[in-house]
Structures are given as C-alpha cells and as structure tokens.
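Please consult the sequence and the structure shown here.

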Amino acid sequence: RALPWLDPLATSPDPDLAWRSRAAAAEIRSREGEESKREDQQAAALCELRGGLGDARALPHLLKILGTGVPPDRLELRVRAIEALARLRERMPPAQAEEAAERAAGGLDRGAGIPEKARLLRALGGLRAPGVIRPLTVLAHDKAEKNIHLRRSALIALASLGTGPALRGVA
C-alpha cells in the first residue's frame with residue numbers, strides 16, 4: 001500500500017527525500033516475507049519517513065498510533081512513531097508534546113526489551129516535555145535498575161531536554 005506512494009519520491013530532485021524514500025521502500029520490500037507483520041512494517045517505515053521529512057500533517061496519525069489506535073503488542077510500530085514524533089517536536093505545540101510523552105511513557109512497561117526501552121527513553125528526551133523529567137530522573141538514579149544501558153539512556157534523554165530541572169536530574 002505504501003510502495004506506490006514511495007516509488008515516485010525516489011526520483012525526487014531533493015536528494016534527501018529521494019534517499020529516504022528509497023530506504024523506506026527497500027525496508028518494506030526486504031521484510032515482506034511475513035504477511036501478518038507487513039502492514040506494521042509499512043506503517044513503521046512511513047512513520048520514519050514522515051518524521052524525517054518534517055511532515056506536520058503526520059502528527060494526528062502518529063499520536064493515534066500511540067493511543068488506542070494500535071495495540072501495545074505492536075511495539076516496533078509504536079517505537080518508530082515515538083521517534084518520528086520526537087523529530088517533529090518543533091512543529092508540535094507543548095500540550096501535544098506532553099500528550100505524546102505521556103502515551104510513550106506508558107509503553108515502557110509493556111513487555112519491551114532493553115533495546116526498545118532505550119529507544120523509547122531517547123525519543124522521550126527528544127519530545128522535550130517537562131512531564132517526563134521526574135520519571136527519567138528516577139530511572140537514571142535507580143540503583144535497583146541493573147541495566148546500565150537503560151540508566152544511560154535515561155541520562156541522555158534528560159540531557160537532551162536541555163532545561164534546568166532536567167539537567168539537575170543528570171547531576
């Protein structure tokens with residue numbers, strides 16, 4: 001479904017757009033083996049493409065993916081949507097960024113593995129929503145959390161927020 005939309009973009013005079021559309025199309029084609037995951041893969045590739053292009057029209061769709069529109073077990077799609085929202089942060093009003101951060105933070109407890117959780121944490125920092133400072137600070141300094149990769153990802157997310165309270169959470 002996405003390929004007819006992506007293929008004409010591959011010949012765009014904008015080299016960045018052409019490269020991103022070719023990469024997204026190649027990813028879709030390379031993963032077509034499993035029919036049950038095909039739709040998720042296409043949607044995830046489109047999330048990445050729209051986030052990379054700065055397409056603000058994608059915001060409602062991406063927020064829907066984080067809401068009730070997509071079950072929590074479709075983790076890769078959710079992670080890619082959050083990453084795309086983080087790339088679109090400059091085009092979001094603060095209230096929308098806060099909503100996206102709340103929805104994204106809810107996905108941290110839903111059976112995600114360490115790499116997915118780390119990606120979610122870094123994307124949360126990219127959303128620059130003040131509401132994530134406290135949970136990120138708690139995770140970054142939680143001695144019970146044995147995985148240093150997650151703690152470091154929380155610190156990176158706090159540093160990327162760039163506000164005074166967030167930077168105090170890094171210290």
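Which residues does Cys 47 touch, not counting residues up to four places away in sequence?

## Basis of the model

The model is predicted: local features need pLDDT of at least 70, side-chain atom pairs count only at pLDDT 80 or more, and totals for chains, interfaces and linings use all residues. Residues are numbered from 1 along each chain as its sequence is written, and side-chain values use heavy atoms, without hydrogens and water.

## Cys 47 and Arg 80

Beyond four places in sequence, Cys 47 touches Leu 62, Ile 65, Leu 77, Arg 80, Ala 81 and Ala 84, a contact being heavy atoms within 4.5 Å. Arg 80 is found in α5; helices are DSSP runs (H or I, at least four residues) numbered from the N terminus.

Arg 80 counts as buried because its relative accessibility is 6%, where buried means under 20% relative accessible area with a 1.4 Å probe, protein chains only.

## Nonpolar core

The largest nonpolar core has 40 residues, and Cys 47, Leu 62 and Leu 85 are among those with the most contacts inside it. Such a core is a set of buried Ala, Val, Leu, Ile, Met, Phe, Trp, Tyr and Cys residues joined through side-chain atoms within 4.5 Å. The largest share of this core, 8 residues, comes from α5.

## Helices α7 and α9

The axes of α7 and α9, lines fitted to C-alpha atoms over the stretch in contact, come within 7 Å and cross at roughly 10°. The two helices α7 and α9 are therefore roughly parallel, a term for angles under 35 degrees.

Note on methods: Buried means under 20% relative accessible area, exposed over 50%, partly exposed in between (1.4 Å probe, protein chains only). Axes are lines fitted to C-alpha atoms, for helices over the stretch in contact, and angles run from 0 to 180 degrees between N-to-C directions. Angles under 35 degrees count as roughly parallel, over 145 as roughly antiparallel, 65 to 115 as roughly perpendicular and the rest as oblique.
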